[in-house]
Amino acid sequence: MDQSENTTANPRIAAGAETISDIIERRLSRRGFLGGLTAVSGLALAACAGRPVDAAAAAAHEMKRPAPAFSFPEIARALDQTHHVSEGYRADILLRWGDPLWADSPAFDPLNQSAEAQRRQFGYNCDYVGFVTLDPDTDGAPRGLLCVNHEYTSTQLMFPGIREDDPAGITREIALTEIAAHGGTVVEIRRSAEGWKPVIGSPFNRRLTADTPMQITGPAAGDARLVTGEDPAGRNVLGTMNNCAGGITPWGTYLMAEENINGNFLGALPEGHPETDNHKRMGVPGGWYGWGKFIDRFDVSKQPNEPNRFGWIVEVDPQDPASTPKKRTALGRFKHEGAESVVAPDGRVVVYCGDDQRFDYVYKFVTAGRYVPGETNADSNLLDDGTLYVARFNDDGTVTWLPLVFGPGPLTPANGFSSQADVVIEARRAGDLLGATPMDRPEDVEPDPKTGRVYVMLTNNDRRKPGEENAANPRHSNRFGHIIEITEPGGDFASETSTWEILVRCGDPSIAEVGATWNPLTTENGWLASPDNCAIDAQGRLWVSTDGNDDTGAADGLWALETDGQRRGTGRHFFRCPIGAELCGPRFTPDGETLFLAVQHPGDGEGANFESPTTRWPDFSDASPPRPSVMVITRIDGGVIGG
């Protein structure tokens, strides 16, 4: 989700400096597109240039190519008030905002909301979806734990009488209800003959909110910059918020990524305060919510260190609802989008993250210890010790992973770093000094353990000016985004040097000035814009969801994307959101027969509010506002999703 308008851009860009030092020549970014084509491709060149492709030539070209990796019927690009899925599939609502999690949960009543009720109900604006397999039920029915992030609250869509940018209309009860709607949900689900359903009252069910007690661990724990009046030890914090994408670790814990935390703070620091520059780099205070009017810790003039306690990766044990979540500070503080992990050949665990803001960076964290199946668990604290790296995408097609370690290079007292705590608290500034590559809103970063490839979703960046392009971000005014494929050598995800290429430049390939690069076999419905989240299914195939495709006149949704052979760079449209919504959290069950999707902020749009949303999906009742929901997709005839 892009809520970065009030944040401060990377100073390396703002100052007009080159984005990569020592650039001699700019690498042609068409490599990723052309690399998948083995024949002389006049068709490809025509498609890229926006020229018509001869139908007979295209048909002949098609006959020479192997069968596609996906066989589902493609849906049309369009925009309307409901969702659509490929023919032969069913799309069912699994959980809606306000649905009960326990037998004593209050019924959803949008006209009488409260924090107490919301803490017993499914939260708002579902984003990341994770799945942890449980042993089958006594009757053999499949079970699992669904782990869902609730990224933010759309105040004007949630509550009657509120208009956008109207903090004066926010009451204390509204603020407390929003705090309870943030965070995440862990809920047991079970599959029967009627499909997947939540298990109401399961002992695993849990709500995590912006008030849930959590522990701070790793190099920043106990540092003076995390000390507040409520926590003089700097080791305990209330809550997690703005949780965007995330991940499930090899040992089955749930990672929640804190992203746009700046918007939750109000107030101003006194002149000359030591946190001024740090807050500015994170866009604090954003002032999107009125919480700070009622709760001192969200007012930086009263608790100037409180923002430093957010922007981390939070680890949760979903199988122990009494456990205390831990903010793993070794993974750095920034606007985390995603925390997908993979085991390197030597047993170390690697966690990939994007920093979702224009001109910010791609990161990975490599643990010092090794994962041991059957022994590593939520209490192993493996994520507290390791090395955080930031990516520099070089013009020669290599990636240099730069270690963010106190002492060597510029990360010294001379530049304001006195410890590793300072480095992780100000990971963005450390990346600036190391010369990382400013990217076009890096969001989800997904490793494929079978191939050694890593897919980076770059959503868009319409603020990149001519002359600010770099090899990995080759378009100025990049409204439609692109996808980068990193290859870790020999599948060694812990390597400090990798290679990269652009898989596709997104946007409409029929408009030459857009500069999109799709395989010419992509239909008029198969291209997408603004890639956001992604997933790799059990067959190793890539699926991409979008946030901003509506800028092209069609709804956000889910596309399958070919990554190998002569069809590499071919998109295929599978699912479409209702108007106003973005699609998040594509997540497959291990057998590939179930796909979970999160439909976030349906009914949004210019001037939309509780009384007049752009749709009332999914209930379509005048008495109900639109409700963000998790959906479950299955084949009508059974079998693997996507064919």
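Q: What counts as a strand here, and when do two strands pair?
A: Strands are DSSP runs of E with at least two residues, numbered from the N terminus, and two of them pair if DSSP finds at least two bridges between them. This is a predicted model, so local features need pLDDT of at least 70, side-chain atom pairs count only at pLDDT 80 or more, and totals for chains, interfaces and linings use all residues. Residues are numbered from 1 along each chain as its sequence is written, and side-chain values use heavy atoms, with hydrogens and water left out.

Q: What is the strand order in the open sheet of six strands?
A: In general, strands of a sheet pair through backbone hydrogen bonds, either parallel or antiparallel. Here the order is S9-S8-S13-S12-S11-S10, and the pairing is mixed. Strand S9 (236-238) and strand S10 (243-248) stand at the edges with a single partner strand each, so one side of each has no neighbour in the sheet.

Q: Which residue stands opposite Asn 243?
A: That is Glu 258 in S11. S10 and strand S11 (residues 254-258) are antiparallel, paired over four bridges.

Q: Which strands form the edges of the open sheet of five strands?
A: The order S1-S28-S27-S26-S25 has antiparallel pairing, and the edge strands are S1 (84-85) and S25 (531-536). Inside this order, S27 (residues 557-561) and S28 (residues 571-576) share five bridges; Ala 560 has Arg 572 in S28 as its bridge partner.

Q: How many residues of strand S23 are buried?
A: Buried means under 20% relative accessible area, exposed over 50%, and partly exposed in between (1.4 Å probe, protein chains only). In S23 (residues 482-487), five of six residues are buried. Six bridges join S23 to the antiparallel strand S24 (residues 497-505), where Glu 501 stands opposite Glu 485.
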